[in-house]
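Hi,

Here is the structure I promised to hand over. Have a look at it first, and then read on for my notes.

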Amino acid sequence: MTSVDTAGLDQAPRAAVAAGPDGAGPPPVRGARSSRPRRRGGLTPYALLTPALIVLALIVGWPLVQLVITSFQEFGRAQVFGAPPAWVWFENYADVLADPVFHAVLARTVVFAAACVVTTMVIGTLIALMMARLPKAFRLLLSIGMLLAWAMPALTATVVWGWMFDTAYGVVNHVLAGWFGLEEYAQHSWLIDPLSFFLVAGLIIVWGAVPFVAFTLYAGLSQVPDEVLEAAQLDGAGGFARFRLIVFPYLKPIFLVVTILQLIWDLKVFTQIFALQDIGGIRALTSTLGVYIYQTSIAGGDFGHGGAIAVITAVLLMSISIFYIRHLTKQEEL
């Protein structure tokens with residue numbers, strides 16, 4: 001009798017099953033998931049977003065459309081009381097872009113916002129690093145203090161700081177002249193000079209913005225692995241080297257997002273500048289874009305040119321916002 005290769009016989013049916021009935025491939029398995037990505041939720045997300053989009057269109061979209069229309073018209077106080085506006089199209093934009101006062105205000109706003117953002121980020125980062133090392137009781141005390149500063153309304157904070165820098169009764173002048181013997185600061189007016197005006201305004205803005213940066217970065221610091229920092233310290237890396245080589249790369253997305261948000265907020269600052277001007281600042285030398293729009297349109301009655309300035313400012317802020325949204329989208333894709 002010839003010996004039969006039983007292993008070959010066993011493997012033949014298995015190969016046939018694996019190849020399928022036509023030999024092209026394995027048979028389809030019932031219940032297997034398709035490799036095609038399926039849309040999750042269908043129309044449900046759009047249905048949930050529709051009410052919010054309608055509210056935004058009514059509250060934000062329609063006034064924005066009216067603003068753009070006004071920027072193409074000659075719209076003054078006469079038109080407010082019923083006179084028909086005349087269409088001038090891009091004449092308002094040409095006048096604004098050719099006005100040296102607008103360029104001076106724009107440059108002043110950008111430089112002031114950049115200085116505030118850099119100062120806020122540096123101080124907020126240092127406070128976040130300090131909070132990570134403080135004992136629990138001191139960290140809680142510091143957190144409460146920053147929350148109180150953050151919760152204070154901008155107008156209230158400006159009035160308080162304006163009193164502290166008051167010419168006759170200010171605490172700052174009293175401390176500098178009485179305690180440190182700097183007699184030149186007796187009856188010193190901080191708000192008359194534009195440089196010292198923006199120093200006070202920047203102090204108010206940074207004081208109110210640092211808590212947000214500090215809390216955000218402190219939350220991010222908790223995600224940095226301790227073993228990596230300990231290994232770097234054992235290798236001889238100092239504090240600055242550990243921050244530059246380990247902490248900052250981990251927190252780079254957070255740093256970018258917080259910086260962009262601060263830049264948007266500081267470019268459109270209004271309350272602090274306007275209130276300080278009422279206390280004692282010179283408007284012609286200290287106005288930023290937000291205040292300049294108010295002076296041109298509401299105070300000056302020229303809503304056409306004011307609308308053009310507002311649209312230019314909105315385009316600037318939207319450009320920064322689009323960059324911010326694109327960055328968030330890329331982070332979600334990763």
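**What I found**

The chain has 15 helices and 2 strands, where helices (H or I, at least four residues) and strands (E, at least two) are DSSP runs numbered from the N terminus. Please keep in mind that this is a predicted model, in which local features need pLDDT of at least 70 and side-chain atom pairs count only at pLDDT 80 or more, while totals for chains, interfaces and linings use all residues. Residues are numbered from 1 along each chain as its sequence is written, and side-chain values use heavy atoms, with hydrogens and water left out.

Of the 334 residues in the chain, 31% are buried (buried is under 20% relative accessible area, exposed over 50%, partly exposed in between; 1.4 Å probe, protein chains only). If you count contacts (heavy atoms within 4.5 Å) between residues at least 6 apart in sequence, 64% of them join residues at least 24 apart.

Now to the aromatic rings. There are 21 aromatic pairs in the structure; rings of Phe, Tyr and Trp (its six-membered ring) pair if their centres lie within 6.5 Å, and planes under 30 degrees apart count as stacked, over 60 as edge-to-face and the rest as tilted. One of the pairs is tilted: tryptophan 150 with phenylalanine 212, at 5.9 Å centre to centre and 50° between the planes. Tryptophan 150 sits in helix H6 (residues 136-151) and phenylalanine 212 in helix H9, so this pair ties together parts that are 62 residues apart in sequence. Phenylalanine 212 also pairs with tryptophan 265, this time edge-to-face, at 5.4 Å and 65°. Tryptophan 265 belongs to helix H11 (residues 239-267), so here the parts tied together are 53 residues apart in sequence. Phenylalanine 212 is buried at 17% relative accessible area, whereas tryptophan 150 is partly exposed at 43% and tryptophan 265 is partly exposed at 38%.

Two backbone angles may interest you as well. Most residues other than glycine have a negative phi. Tryptophan 89, however, has a positive phi of about 55°; this residue is in the loop between strand E2 (86-87) and helix H4 (91-98) and is exposed, at 51%. Tryptophan 89 is also part of one aromatic cluster with Phe72, Trp87, Phe90 and Tyr93. Glutamine 187 has a positive phi too, near 60°, and is found in the loop between helix H8 (171-179) and helix H9 (194-221). At 53% relative accessibility, glutamine 187 is exposed.

Happy browsing!
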